[in-house]
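Here is a short report on one model. Read it beside the coordinates.

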Amino acid sequence: MQASRARLFKEYKEVQREKTADPDIQLVCDDSNIFKWTALVKGPSETPYDGGVFQLAFSVPEQYPLQPPQVRFLTKIFHPNVHFKTGEICLDILKNAWSPAWTLQSVCRAIIALMAHPEADSPLNCDSGNLLRSGDTRGYQSMARMYTRLAAMPKKG
Amino acid sequence: MDSDHEFYDMYSDDEEEDSNNVDESNIDIDKQKNYKILKDFDIRQLVKEDISKISTILSVSRDVSLALLRRYNWKVDRANEEWFANEQEVRKSIGMFLCDNDNNNYVSVSKKSKNNDNIVNCGICFEEYNDVVYATCRKHPFCKLCWEGYIGASINYSGPNKCLDLRCPDPSCEAMVGESIIVELASERDKSKYYDYLFRSYIEENKKTKWCPYPGCECAVEFEIGSDDYSVICDCSNGFCWNCLEEIHRPINCDMVAKWKYVNEEESANTNWFRAFTKKCPKCDKSIEKNMGCMHMTCRCGYQFCWLCFKQWGVCASRCNRYEEKKEVTKSKEKIERYTHYYERWLSNGKSKDKALNDLKEMKEEGLKKLSNDNSLPEEELGFIIEAWEQIVECRRVLKWTYAYGFYLPKEEEAKTQFFEYLQGEAEAGLERLHHCVEKDLMKHLRSDEMDYTDKGSYKKFANFRSRVIGLTKITRNYFEKLVMALENGLQDVTNNPTKKIEQPMSSNSTSNNIMWMCDRCTFLNEDIHTVCQMCIED
């Protein structure tokens, strides 16, 4: 308990100090609970998510950093490795490939990388995975693009 | 030879009691075994030996040896070869860098000098330390507390393979975290869990070792690869086939067992349902389910018949209430009946075996002591009962599987079928005699209060009974050995000269026939040229 709190506090300070270090990620800790964080990440360029801002919710376990944090998308996103309804993410470093040397910041970076490189072979969103696996990149991109516009971009007017 | 020696050494403690019971005439039972039973202690010993072999030959640390053995599935020779072929590559693959001063335990718990100028940040808790621990990479420092947490989490949550192959916590680093760090930093409970995983990996990844498949048994078996008899009897008294891990199934082979099991599963599910709810159309043989109340059936093929008597509709009219003996059995029904015949016998011999196995265990655990006390006879003199039970268990098992053999014996090969049935029948009869004698007659002799074996006359009766059981055990064993041998070579005797062998069982009814004579003791039919019985003859 103490260890996770201390470590999260260090991460918090680091985030405060380097607020501008990574312009794509904005990591915020819940005011009253250091185990709850939210992040805003920018969709990577040259992907259908470009221009969108996606909100992630972190729930950090007490055994952190020995155990990985739980992360899910709050913003709707059409991506093979993200559950369309719950926002749950299928990413190895959040499961068995977790290392305690990772930080919340680096998890965000890994998620951005996942958005740019979807793994169609272990899909949580089968429709999206099937589009990619059958080679229909255009179909996948237009669906992803549409949901980015609908859910991740500020509404015009 | 060396290995045999070890084997007997290992078991000298456990078997002392039993060995006293072994009757002289039964010593030949212990043939040269082609397997060893390994208990917890033996497995530890083997792991230890393999590690020290590698570390002596390659002069590397225990950590490196262990990582090497794991990498090459515990094959000592392979590990040596690979190492000599390309040490650098192998080092890289197992994450054991640092080639210099290999001989000093180059492990990884290095305490940095206590000077203040050497303060480093731990990569997990980000606190500052001047006392940190490295894996073999020497690049990524972590504090002791975080190492403990990392190791504990890997042992408890990440599964055996991850903790046995633990790498530096830095995600980009491949450096191995050796056993020595784990042993130093893990809690007692986690340590024993770690070693459990390690020994399990030894048994499971080694080609020549397997766990005993029976529930609750913790023994492993080391098998001499290349030997042809797969039958293994574990210390838990259960026997299994090394190759397919099913119960011992001599004389039939593993493929046939798999086929038989498959058929059983298919049949039991299907036939039960079919039998209960369907009948076959007498004309086209398709299964029909009756889903309406009246007996007038119209099959898809157009044939109309009476559900009760199978005759064409209209013919039976009011006659099918009369009982008539069945004359014709349809082909498929015959097939099912044939299968059922073998299956039922296979099943009941299996059950009988299980019962006998329980009886044997009980006898070993308590029965013998009780008998010895009740009858004031020393336990050594009662060892023959154990021998007999062991024989019964084995024979029931063989008999069970001969029924699967029978099922797969082609019906066209009449000579073979006859010969097989003759051998099986003889063996079965012998076994029934022995089983009856040990199960029932034993009561008369040893469980009744009238007998007092301190008295000389009564003791003689007991001695007679004893030699009868020993004799029967031996005869039964001979019968079964012959049966197994004959079936294992595919009943070739009959194909070579069919007439001669089939004549034997045919003429068995007439003892007056001067070609054959029947043994009084075991009822075996001997040819005239022999003067002593060929079945129960002394070796």
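How many residues does the contact take from chain B and from chain A? It takes 12 from chain B and 12 from chain A; residues are in contact if their C-beta atoms, placed from the backbone, lie within 7 Å. The side of chain B that touches chain A has 8 nonpolar, 3 polar and 1 charged residues. Ala, Val, Leu, Ile, Met, Phe, Trp, Tyr, Cys and Pro count as nonpolar, Asp, Glu, Lys and Arg as charged, and the others, Gly among them, as polar.

## Basis

This is a predicted model: local features need pLDDT of at least 70, side-chain atom pairs count only at pLDDT 80 or more, and totals for chains, interfaces and linings use all residues. Residues are numbered from 1 along each chain as its sequence is written, while chains are lettered from A and ligands numbered from 1 in the order in which they are written.

## Helix crossing in chain B

Helix α6 (residues 144–157) of chain B and helix α9 (residues 188–205) of chain B have axes that come within 10 Å and cross at roughly 50 degrees. The two helices, α6(B) and α9(B), are therefore oblique to each other. Their crossing, α6(B) with α9(B), is left-handed.

Gly152(B), Ile155(B) and Asn156(B) in α6(B) meet Asp190(B), Lys193(B) and Tyr194(B) in α9(B). By class, this contact of α6(B) with α9(B) divides into 2 nonpolar, 2 polar and 2 charged residues.

## Hairpin in chain A

A hairpin of 6 residues joins β1(A) to β2(A). Strand β2 covers residues 36–42 of chain A; it runs antiparallel to β1(A), with 5 bridges between them. Trp37(A) in β2(A) is the bridge partner of Cys29(A).

Terms used
Two residues are in contact if their C-beta atoms, placed from the backbone, lie within 7 Å. Axes are lines fitted to C-alpha atoms, for helices over the stretch in contact, and angles run from 0 to 180 degrees between N-to-C directions. Helices (H or I, at least four residues) and strands (E, at least two) are DSSP runs, numbered from the N terminus. Angles under 35 degrees count as roughly parallel, over 145 as roughly antiparallel, 65 to 115 as roughly perpendicular and the rest as oblique. A crossing is left-handed if the near helix is turned anticlockwise from the far one by less than a right angle, and right-handed if clockwise. Two strands pair if DSSP finds at least two bridges between them.
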